[in-house]
Amino acid sequence: MDKNLYVENRRRVSEHMASNDAMLFFSGEPVRKSADENYQFFTNRNFVYLTGVKQEQSALLLLKKGDLVSECLFVTKPDFEREIWTGRRFPEAELNEMSGVEGVEDINNLNRTLDELLSSRTVMTLWLCFDALASERSFDIEREFAKHIQSRHPHIAIRNSYPLLAGLRKVKAPEEIDAIRKAMQITEAGIRRLMQVAKPGMLEYELEAEFNYELAAHGQRRTAFPSIIAGGERIFYLHYTTPLSVISDGELILSDVGAAYDEYCTDISRVFPANGHFSERQAQLYQVAYAANRAVVEQVHPGVFFPQLNRTCREVSFEGLKALGLLDNPADIRRFVWHSVTHHVGLDTHDVGGYEEPMAENMVFVVDAGIYVREWGIGLRIEDNVLVTADGCENLSAAIPATIEEIESLKA
């Protein structure tokens, strides 16, 4: 990603700062897994959004004086002896080129720098990025840092920059949209591969490996999120995480998968028959979900409020299920339609950004129509990613087989 995107993101953030404000963003710390092993490090998404730097134990400090904003990255400096064990650290020139931030300091100087700014009252307000879900984590850098600041500098006002970042991130820049398009091309290749190689007798994790192979063949080492590959009634577990079962003849297979490109995610669900052909009952239910998905996609355009999409999905699903003799009261639709139809997509698969405001041009989100009929042993969902345009929307996943005819033709 070009550094100018991050320069512009920081400019937009700094517009919300007053003179004598400072903003601080942390990249995060590695999390211990077991013994002397850590989980693979995953950089804080807001830090990536503002810098493009994917490295632990780093921080970005923005300082505003009058109309001027200064920027500094605090990082663990390269140490060739230490890097033998820890891996390579980015040198200053590379950090400049990635982020467009000119100032780079040792992370060990961060506390002293802030103490001087706060003690001299050069800074009167410190913005920290308090993640909305931080209470679910065992350790939260921002909240621990806030306690430290308040104990040493009780006169300093603490503000939360997380809602600001969430609001900015839900409308995508052209570079972000381009990255999602590239990720979608890889996702398409992976799903086509799944549909072509699937057969009765395979283990679910064998299909998962096929998707991962396709991503690797396109230069991507990681999925956007842990893939969900579920056969038969395992589809009823919406976030199925143990793909260890054998896929049987006559079963449907759910793939809820996505590739990422330049850190930007996709999230696509498709359902296809293990033996290559939908049964009559499977096809009937599939057509209901497909009709709901397409009805929702047609409604997407600027100015529409998100709750309308859920209403449309439930209404169309009800009519289809009623025609199949499964329902006669709209109030019972939640027996078969379990989840909402949309969430934002971006640096996170379930990207930040609220749903109170209406849709706006250059938002990207999913349209996920799901129907689950335990009585028939059939569950399915059809999930696409759409881009809001000036006068409607573009289905970014339109090339991924979605109709019964398209899916069955891959086995012909």
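The axes of helix α1 (residues 3–14) and helix α4 (residues 92–99) come within 6 Å and cross at roughly 70°. Axes here are lines fitted to C-alpha atoms, for helices over the stretch in contact, and angles run from 0 to 180 degrees between N-to-C directions. That makes α1 and α4 roughly perpendicular, a label for 65 to 115 degrees (under 35 is roughly parallel, over 145 roughly antiparallel, and the rest oblique). Helices (H or I, at least four residues) and strands (E, at least two) are DSSP runs, numbered from the N terminus. At the crossing, Lys 3, Tyr 6, Val 7 and Arg 10 of α1 meet Asn 96, Glu 97, Met 98 and Ser 99 of α4, where contact means heavy atoms within 4.5 Å.

Before going on, a word on the source: this is a predicted model, in which local features need pLDDT of at least 70 and side-chain atom pairs count only at pLDDT 80 or more, while totals for chains, interfaces and linings use all residues. Residues are numbered from 1 along each chain as its sequence is written, and side-chain values use heavy atoms, leaving out hydrogens and water.

Now for the sheet. Its 6 strands form an open, mixed arrangement in the order β6-β5-β4-β1-β7-β8; strands pair if DSSP finds at least two bridges between them. β6 (103–106) and β8 (157–160) are the edge strands, each pairing on one side only. Neighbouring strands are turned by 25° against each other on average, direction ignored. β7 (residues 125–128) runs parallel to β8 over 4 bridges, and Leu 126 stands opposite Ile 158 in β8. Helix α1 comes back here: it packs on the sheet, touching β1 (21–26), β4 (59–65) and β5 (68–75), with its direction at about 50° to that of β4.

What about the nonpolar cores (buried Ala, Val, Leu, Ile, Met, Phe, Trp, Tyr and Cys residues joined through side-chain atoms within 4.5 Å)? The largest has 93 residues, and Phe 25, Leu 285, Tyr 286, Leu 321 and Ile 371 touch the most other members. Helix α8 (residues 174–197) gives the most to this core, with 8 residues. A second, separate core of 21 residues includes Phe 74, Leu 117, Phe 130 and Ile 141.

Finally, the cysteines. There are 0 disulfides, meaning pairs of cysteine sulfur atoms within 2.5 Å. The sulfur of Cys 265 is 17 Å from the closest cysteine sulfur, in Cys 129, so it is too far for a bond. Both residues are buried, Cys 129 at 6% relative accessible area and Cys 265 at 1%; buried means under 20%, exposed over 50%, and partly exposed in between (1.4 Å probe, protein chains only).
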